[in-house]
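Me: Could you walk me through a few residues of this protein? I would like to ask about them one by one.

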Amino acid sequence: KWTVVREDTASFRVYVTDDQKQPINIPDWSIAMDIKRSGSTIISLVPAQDADDAAGEFTVFLAAAESQILETGDVFDIELSLPQDATVWTVAQGSMIIIEDVTN
């Protein structure tokens with residue numbers, strides 16, 4: 001579950017290892033994330049490794065305008081893919097909890 005306050009920015013870090021529990025080389029992979037409602041995509045995100053991420057880590061970032069259109073119960077998943085060998089790997093999935101902002 002990912003809890004987000006409506007109209008706020010939000011982020012979380014994902015850490016991915018291989019079968020030997022070694023961090024994967026994030027730049028080798030394409031990363032995609034969709035947030036859906038009733039099977040239809042509402043938001044597509046492109047998580048990326050940033051300067052604060054260590055080996056095997058990348059950050060998912062949601063802008064304030066994006067959080068405004070989400071609803072509790074929306075679902076998401078994050079897929080990594082290696083285009084050269086058609087590997088597709090779902091590394092995370094979950095659902096959204098959206099709470100209303102109190103201070104405007």
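Reply: Happy to! Buried means under 20% relative accessible area, exposed over 50%, and partly exposed in between (1.4 Å probe, protein chains only). This is a predicted model, where local features need pLDDT of at least 70, side-chain atom pairs count only at pLDDT 80 or more, and totals for chains, interfaces and linings use all residues. Residues are numbered from 1 along each chain as its sequence is written, and side-chain values use heavy atoms, with hydrogens and water left out.

Me: Is S38 buried or exposed?
Reply: S38 sits in the loop between β3 (30-37) and β4 (40-45); strands (E, at least two residues) are DSSP runs, numbered from the N terminus. Its relative accessibility is 78%, so S38 counts as exposed.

Me: What is the phi of E7 near?
Reply: E7 belongs to the loop between β1 and β2. With 43% relative accessibility, E7 counts as partly exposed. Its phi is positive in a residue other than glycine, near 70 degrees.

Me: Is R6 buried or exposed?
Reply: R6 is found in the loop between β1 (2-5) and β2 (10-15). Because its relative accessibility is 17%, R6 counts as buried.

Me: With which side chain does the side chain of R6 make a polar contact?
Reply: A polar contact is a pair of N or O atoms within 3.5 Å; within protein, one must be able to donate a hydrogen and the other to accept it, and residues adjacent in sequence count only if both atoms are side-chain atoms. The R6 side chain reaches the backbone oxygen of Q68 at 2.9 Å. Its side-chain partner, at 2.8 Å, is E100.

Definitions and conventions. Helices (H or I, at least four residues) and strands (E, at least two) are DSSP runs, numbered from the N terminus.
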